[in-house]
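Subject: Structure handover

Hello,

Here is the structure I said I would pass on.

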Amino acid sequence: MASRRRAHEQEIWVCHLGTVGYARAVAIQEQLRARRQADELPDVLLLLEHPPTYTVGRRAAAEELPFPRGFYEAKGIEVHDTDRGGRITYHGPGQLVGYPIMHAGDVNRHLRLMESALIDALAQVGVSGRSRREEGIDYTGVWVGEEKIASIGVHLSRGITTHGFAVNVDNDLEPFSWVVACGLPGVAMTSLAAQTAGEGEGLSCFRKRVAYAFCQAHGARQRLVSAARLGIAGTRPDRGAGPAGPEPIKEGRRVPAGVGS
């Protein structure tokens, strides 16, 4: 058992969940956090998409959601209060969301490693991202010039993190304009598609880059696992890569360097 635990400490288990509703994703994170706190699992990275959703962080002010919630519901966007740090952000199809369920002794270092991993993944596709951490907590995330491409917000409980990052890949950016995104009036959001004039890779390929860069930033091996291996039931399959759907995930497969398509 001890040798098995040591092996887990050198890995991050990565699971692709496809599209998951926000409330369901929170329940999954809470389940996995309890198991990680009990040392029943190694560190885990969940990668997924959400249906159109606003999440309201602990530091958000009421005026950052300027319209009645019925306005957003009429547009098909759910609004969820959340225990993560940060302000208000938008999630939707085409945006890559990552939820690390992992030990973090230093929250600031955890944030910086997420920024670093995302900057690395963007650089691989020719997009120059940067951190603006020196400008204050509201600038946490990844920026391309003065435009924001990735948002980050976490929660820490008994040494284990939940929530994480969201990278705009090819999602609709207009819903960001209907709130005070990230608590920054007038903030301009961008995406991988916008930065590459639609010629960049899609979410499926970019997701692989992010997973690998995230594990590299933590000095760990990536091990792809299924939702069943994590004990997660009822999640939808990944967005298809054609009529036959995506390539199945092989249980326990380690991913070498140079992933992507």
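Is Gly200 buried, partly exposed or exposed? The model is a predicted one, and in it Gly200 has a relative accessible area of 35%. Buried would require under 20% and exposed over 50%, so Gly200 counts as partly exposed.

As for its place in the chain, Gly200 sits in the loop that links α5 (192–195) to α6 (203–217). Val169 is 31 residues away from Gly200 along the chain, and the C-alpha atoms of the two are 9.2 Å apart.

Next, the sheet. Three strands make up an open sheet with mixed pairing, and their order is β4-β3-β5. From one strand to the next, the twist averages 20°. In general, strands of a sheet pair through backbone hydrogen bonds, and the pairing is either parallel or antiparallel. Here, β3 (residues 53–56) and β5 run antiparallel and are joined by 4 bridges. Within this pair, Val56 is opposite Ile88 of β5.

Finally, the protein as a whole. The protein contains 6 helices and 12 strands. Of its 261 residues, 51% are buried. Among contacts with a separation of 6 or more, 79% are between residues 24 or more positions apart.

Regards

Technical notes: Residues are numbered from 1 along each chain as its sequence is written. This is a predicted model: local features need pLDDT of at least 70, side-chain atom pairs count only at pLDDT 80 or more; totals for chains, interfaces and linings use all residues. Side-chain values use heavy atoms; hydrogens and water are left out. Two strands pair if DSSP finds at least two bridges between them. Helices (H or I, at least four residues) and strands (E, at least two) are DSSP runs, numbered from the N terminus. Axes are lines fitted to C-alpha atoms, for helices over the stretch in contact, and angles run from 0 to 180 degrees between N-to-C directions. Buried means under 20% relative accessible area, exposed over 50%, partly exposed in between (1.4 Å probe, protein chains only). Contact means heavy atoms within 4.5 Å.
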